Amino acid sequence: VTVNSHKGYGVYRTNHTFYVVAKEGDTFESVGNTFDISPKMLRKFNDVAKDATLAKGNIVYIERKKTQWQGNMMQHKVVRDENLYSISQSYGIRLKSLIKLNNMRAGEDVKKGDIIRLK
């Protein structure tokens, strides 16, 4: 559900955190300029390295994600083509927090059927 719109972007919310969906040609710099957020902070909000790029359809958080899920669900069952980063973006949870919650290491793979704790 669109919460609001700003300069051509639908602004959405998950886990009490606002995000937009990247458009064709978007960069962290262009999205940052639109929302008056430095590209460095935008990358931090989205748990990505300074050389990361955006692709059309990527979720881009425009504020800091939460350390855990605020909803009723306690866990997520991994389906095909997911990784900890995509799960963290889906739920609006910081990647570092998701790794810690699940006693995992950064870069550790998940596989279909794995259960990932959200809080």
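Predicted model: local features only at pLDDT ≥ 70, side-chain atom pairs only at ≥ 80, totals over all residues.
The largest nonpolar core holds 16 residues. Among these, Val20, Val31, Phe35, Leu42, Val60 and Ile62 touch the most other members. Both helices and strands contribute to this core: strand S2 (9-14), strand S3 (17-21), helix H1 (28-35), helix H2 and strand S4 (59-61) each supply at least two residues. H1 gives the largest share, three residues. In soluble globular proteins, nonpolar side chains tend to be buried together.

The surface carries a positive patch. Its members are Lys40, Lys44, Lys50, Arg64, Lys96 and Lys100. Two helices, H2 (39-45) and H4 (95-101), each provide at least two of the patch residues. Lys96 is located in H4. Lys96 counts as exposed because its relative accessibility is 71%, above the 50% cut-off.

Most residues other than glycine have a negative phi. His16 sits in the loop between S2 and S3. This residue is partly exposed, with a relative accessible area of 46%. Asp81 belongs to the loop between strand S5 (75-77) and helix H3 (84-91). Its relative accessibility is 77%, so Asp81 counts as exposed.

Conventions: Residues numbered from 1 in each chain as written. Heavy atoms only, no water. Patch = residues over 30% accessible without salt bridge, like charges linked within 9 Å, V, L, I, M, F, W, Y side chains within 5 Å. Areas by Shrake-Rupley, 256 points an atom, 1.4 Å probe, with all protein chains shown as cover. Salt bridge = Lys/Arg side-chain N within 4 Å of Asp/Glu carboxyl O. Lys, Arg positive; Asp, Glu negative; His and termini not counted. Charge placed at Lys NZ, Arg CZ, Asp CG, Glu CD. Helix = DSSP H or I, 4+ residues; strand = E, 2+ residues; numbered from the N terminus. Buried < 20%, exposed > 50% of the residue type's maximum accessible area, 1.4 Å probe, protein only. Core = buried A, V, L, I, M, F, W, Y, C linked by side-chain atoms within 4.5 Å.
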